[in-house]
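Have a look at the model first, and then let's go through them.

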Amino acid sequence: MMRSSPRVILLAFGAVILVVGACCHLPSYTPAFWNDGGTVQSNNNCYNYGNNKRTDTFAQPGRASGSMATTMQCNPVRTGALADGLTALPASGNCPSSSGSEECKVALVIWPNFDYHWYRLDSNGMWSHKPGSTQATNRDNSDITISNPETANRGPYTNFCGYLCSCSSSTEGAGKENIN
Amino acid sequence: MNTSHRKVRFHPMWLVLPLLATGLFGWSEASAQAGEEGVQLTVLIYSGRPNPTMQLDQGAVARLEEMLAASPANADFDADTVVPSILGYTGLLIENPSGRGKLPPRLMVYKGNLESQNGGTRFLSDENGSLEGFLVETALASGQLDADVAKVLRSEVPAGSTD
């Protein structure tokens with residue numbers, strides 16, 4: 001009778017951990033986690049929030065993967081985010097979803113030559129964001145809840161770059177993308 | 001032939017003294033560093049990129065203290081912070097981690113409202129926007145701001161808002 005070697009068992013166990021760990025879930029709109037008026041709020045920006053991942057580093061697209069954007073235009077920032085592990089939005093317009101795992105749609109906008117900003121789609125079907133070190137919110141610059149980032153009042157962030165998919169989490173701050 | 005030589009005896013204090021000196025030097029250096037940690041001004045303008053920051057000199061700090069002391073309480077302010085969650089310019093942040101002078105550890109100002117954080121939070125009025133205007137002028141005069149950011153600041157807080 002053949003017995004599985006310890007190495008095979010360990011490998012199988014590791015594979016299970018990898019698969020389970022990679023499950024993505026839509027975030028719920030939970031601004032209180034981010035709006036502590038202290039460390040979390042001050043040190044996590046729109047990119048942290050969009051990916052639902054607290055790093056306390058004011059994360060920058062591409063920094064974790066060595067491809068940080070240096071010019072504030074759609075392509076370089078988008079490329080940086082893709083290098084971090086975010087994925088392109090499929091032609092269907094919906095982020096991948098299967099077997100209990102669902103990726104979160106995020107939107108990128110640009111203040112040309114100045115800055116970038118991200119929005120995320122929450123489990124309630126509405127969008128939310130965190131403008132820099134200010135509080136996370138589901139409202140735009142006109143104080144209207146955001147149903148569509150393309151038509152929301154985005155202040156000076158006039159360029160709409162498109163959407164990507166992020167492996168988020170139902171636990172606030174625990175998104176799975178490799179950002180820093 | 002007898003060669004006499006004096007043996008140099010090792011004393012444990014030889015180990016302790018250099019360590020003490022290093023510790024004292026380190027302490028002094030750390031103390032100096034803590035003492036040198038000044039008052040920092042941050043322009044709250046970006047969402048993704050880090051916001052521009054600079055140190056305020058003693059003269060600016062002294063003037064800021066005067067203006068803050070003269071700012072009246074604003075009992076009617078009904079939000080939980082003066083800094084709005086919008087895209088674009090959202091005010092100025094003063095941080096005083098060393099507790100220098102009479103400034104609170106954190107002070108925010110935006111469009112006529114001041115928020116002072118020192119254990120608790122107090123809201124004050126920045127009458128005529130003079131305190132915000134002063135800080136903007138100070139930031140612009142420092143030459144440390146990117147020209148595009150300077151332009152945005154000037155449009156948000158026009159000249160003439162200074163006391």
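Q: What makes β4(B) and β5 of chain B a strand pair?
A: Two strands pair if DSSP finds at least two bridges between them. Five bridges join β4(B) to β5 (residues 113–118), and the two run antiparallel, so they count as paired under that rule. Within this pair, Val109(B) stands opposite Leu114(B).

A word on the basis: this is a predicted model, where local features need pLDDT of at least 70, side-chain atom pairs count only at pLDDT 80 or more, and totals for chains, interfaces and linings use all residues. Residues are numbered from 1 along each chain as its sequence is written, chains are lettered from A and ligands numbered from 1 in the order in which they are written, and side-chain values use heavy atoms, leaving out hydrogens and water.

Q: Why are β2 and β6 of chain B said to stand at the edges?
A: The open sheet has six strands in the order β2-β1-β3-β4-β5-β6 (chain B), with antiparallel pairing. β2 and β6 (120–125) each have a single partner strand, so one side of each lacks a neighbour in the sheet.

Q: How do you know that α3(B) packs on the sheet?
A: Contact means heavy atoms within 4.5 Å, and α3(B) touches β1, β2, β3, β4 and β5 of chain B.

Q: What does Leu135(B) touch, not counting residues up to four places away in sequence?
A: Its partners are Leu41(B), Leu56(B), Leu64(B), Leu92(B), Ile94(B) and Val109(B).

Definitions and conventions
Helix = DSSP H or I, 4+ residues; strand = E, 2+ residues; numbered from the N terminus. Axes fitted to C-alpha atoms, helices over the stretch in contact; angles between N-to-C directions.
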